[in-house]
Amino acid sequence: MKPEGLFGPRVLYRRLLGLSIFSAVVLLVPVVFSDPYDLELLFLCHYYVMLACSWDLLTGFTGNVSFGHAFFVGGAGFAGALLNLHLGWGPWLTLPIGGLIAALCGLVVGSFTLRLRGPYFAAVTFCFATLLYKLIMIRYEIFGGEEGLSGIDWLMETSLGNYYFSGILMLAAILFLYLLSKSSFGLILRSIGENEVASEGSGINTTFYKIVAFMISGFIAGVAGAMYGHAQMHVGPEMAHDSLSGLVIIMAVVGGMGSIIGPIIGAYLLTLANESLRFMGEFRLLIYSSAVVAIILFAPKGLLDIITRGFRRIVGQEK
Amino acid sequence: MTTFIHILVLGAIWGALYTLIAVGFTLIFGVAGIINLAHGAFYMLGAYLAYTFMTLLKINVPLSALMAVLGTAGIGMLIDRYGIRFMRETHVYVLIITLAFALFFQELLYAVYGPHGKAVKSFVTGEMLLGGVHVSYQKILTFFVAGIMVTLLWLFIKKTKTGKSIDAVAQNREAAVLMGIQPERIYVITMGISAALAAVAGVFIAPILEAVPTMWAFSLFKAFAIVIIGGLGSIQGAIIAGMLLGYSETAVSVLISANYPDMVYLVAIILVLVLRPRGLMGTRAH
Amino acid sequence: MSCKKIGFITGLGILVFAFMVTGSMAANRDFDKADTIRIGSLGPVLLVPGIGIHNAAKMAVEEINAAGGIHGKKVELFIGDTEGKPEKGITALKKLVLEDKVDVLVGCYSSGVALALQPYLPRYKIVYIATGTASIALTNNVKKNYKKYKYFFRDMINSDIRQQKWAAKFLKEFVNGQLGYTKFAILAENTKWVHKYAPNLRKDLEDAGLKVTFYEMFDIDIKDFSPTFVKIKSTGAQWIGQIVSHAASIPLVKAWQDTKAAPMGLCNVASMDSKFWEMTGGKCLGEITYNFIARAPLTDKTIPMWDKYVKKYGTNPVYTTGFTYDSVYMLTEIIKQKKSLKSDDIINGLENISYYGVLHPQIGFDKKSHDLLKGRYVMPMVQWQAGAKQVVVWPDKFKTGNYVSPTWWKK
């Protein structure tokens, strides 16, 4: 996606309007869908939106595919759970601390992968997450192994509470990431993605920007991970597993990466689709994965691209 | 001393298995510059197709193996032609569409064959004593198959016309185009060969390990690791790294404990890339 | 402009939030008003233990309905796919309870999933009998915090103490006592359920004056077991006690058969399945594992149930099948007796039950921990013998054949 045309004040304004409509919908949904099951499901959507959007800041802009987002989620999830179980700290402390720990993880991975690109970058990010997964399994006396850790305090007492808590966090994360992506920070990340050597040549401290992007991405994913642990009252090794990293990537790509908005669509769509196909029994995952392949094949730039084009066609304008 | 012989024998076999898994993966990267995350799925399809032919259609083992390899090559070429071609230059897209295909094949096999593992028949039965270790003939056969496949691949690339075109595209695409080579045709052929190599690995290794719908992940991770360590696109690198990984995992298993061999490749990737960011034999910068 | 709007909407949202935060919670239904009794069955629909759970529950429910249901009310079964993952387990449980409005729950494979589900039971006040999870942490939770976790019951044999003691008894009484072997190797996967089991087993053997020549935990992701078996062989072990559930059982058994290290018999969960022979291409010949059900007269009901199951599904019952089948019957029995769907009534009923099931003539639960009562279970040791036969070789009471030593093994 080219940056031109997206920076015009009108477009920015229109998108922000879109975001505020979205926020209104998020906040008003429980009026219509008050069934706790629906709310719990939407909580999961919020969680995945936070993961997919934060992944997008890292990958969608610089073009380096991170296969290790689970490193942040699992790291913060387990850190939060351990703090809660051993020191009794509540979500108000464990969420920010989990986020900070994940940001620290981002600093480490970021500095290891500074000079790597493409597949090398993907491999190292994958390795960090998988090492954490192995650590959880091998040091079961601390991390609970395949059983994970349970007995973590509730996030909120009701499904509705969980819904609003996660919803507001998600909206804050989206707004922050969106404004960041539209700021000079986002522009610099894009230019690093397009030509790192040239960016460096023009005096940009690419190291600084790449590491900060890692830390911000990690922070948001970490907060989401810690939040998830409290809401499910359980953390397990699958939070650090490569299948979670893969799922986040697919969500962001199905929605449309490099836009922050696209991954929101992908995360909602795939989370809800996965659940609503439950009536299909053992064919559920086959249908789900075929649909994912079809979407990626026919909308390689993501659903956001299709929606934007459709919208423009209806409105009848080119820009 | 006996321990040393054990490591020598078992490590060599396992290194050969790894090389066989990884060589196709590095080939398609070296030529087309794509990371094919469906490589493990081709390995799996090879095993499952062979199982289908030999058990359900009652065809003999070598013929079903051959059909499975050709079938997988066909699937690989179709995926390249209709799934990858139009977005080949976008690395992120290729990574993700191939990952999506891998997950799709996993679910497809769950739906068709269920969660029970399937017994792919081995070519040969029985075993022999080698340096005090019982080694099955299937493993020894696979060791030689790995060697033969790598040699054949090398001969094909160096001696045949198509092979030389593949080599030309891998070395310099623009120059190859000027020489009248159509790169898209070469990419499809290379994907077919790469998928066939993965299927050969599946057909020979599944009787030693297992055929289950999640088997693709293991082979993909190992192939990716070997190729990263050896250097992307380098076939020599894949052989060296494959043997190194086979030996070091066996050594860890024998000398320390079976709790740690799976850490070897993770640590090796990080170490190699920090010390030598293009792998041991890497040439291409990507 | 948009800032104002966002502010306005946020305010509105907080108002709605304040109104609705006192949202309703699920409550037990009234038996008289319910037209059907709803049972939820949890388990991964694509994995063997889960299929065993759902099939058993279906069969039990069909039989109960054929016999007239519960006071004329039909029993309905709802399936929840956990995929063997905690997150999916939680959403499956929520769907069963909140959308399908089930009255009781059975099933679940994997202790990780069950531990994740446990905190939701008090939230929804729903009784749940877990029929495929072995971790003692589950029933310890009930013991530690009865008020919160009283909704949880386990119809399955815990691994940490009971399976371990049974394993030690088998190795001492049968392998040492009857076969005369004295040198043992313990090969256990490195997962949490084994982490007390394996060291305690080693200690029990050593206390009995037996030798443990090899003791190792292995990573569940490894596929190459030949180095390990070669090592075992060089220690001179005469018997391998394997403790395997999550790891790659098929490559393990193939490597064992290829390397001919020593006879192997203790616990391999995948090997409990009748399809394991086909999965390994017959390489499991001679392996022994304990099972929780077998075609042996554990009670008068066992063999008829087994044969009916095989006829209906074309496959043998697996280790979760018997527990689930009995649990569905126990739950309906109590609902029938008490004419109530209130969780406290059902808990009270289960705490006092003594049920003649397919696995034991007097199934009952401990009042404090809600684990199976001590001794109210049996674990037949089953050996794979020529012709894909699963033969019970120990204990003598349920024996269906004699132990056969692998042909390649010489003492």
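The model is predicted, so local features need pLDDT of at least 70 and side-chain atom pairs count only at pLDDT 80 or more, while totals for chains, interfaces and linings use all residues. Residues are numbered from 1 along each chain as its sequence is written, with chains lettered from A and ligands numbered from 1 in the order in which they are written.

Let's start with chain B, which has eleven helices and two strands. Helices (H or I, at least four residues) and strands (E, at least two) are DSSP runs, numbered from the N terminus. Along the sequence the pattern goes α-α-α-α-β-β-α-α-α-α-α-α-α. Some overall values for chain B:

| Property of chain B | Value |
|---|---|
| Radius of gyration, over C-alpha atoms | 19 Å |
| Box of the C-alpha atoms, along the principal axes | roughly 60 × 50 × 35 Å |
| Buried residues (20 or more other C-beta atoms within 10 Å of their own, C-beta atoms placed from the backbone) | 60% of 286 residues |

That radius of gyration agrees with a compact globule, because one with 286 residues would come out near 19 Å (the rule is 2.2 Å times the number of residues to the power 0.38).

Over in chain C, seven strands make an open, mixed sheet in the order β7-β6-β8-β9-β10-β11-β12. Its edges are β7 (211-218) and β12 (389-394) of chain C, each pairing on one side only; two strands pair if DSSP finds at least two bridges between them. Inside the sheet order, β8 (residues 239-244) and β9 (residues 265-268) of chain C run parallel, joined over two bridges. C:V244 has C:N268 in β9(C) as its bridge partner.

Technical notes. Buried ≥ 20, exposed ≤ 12 C-beta atoms within 10 Å, placed from the backbone.
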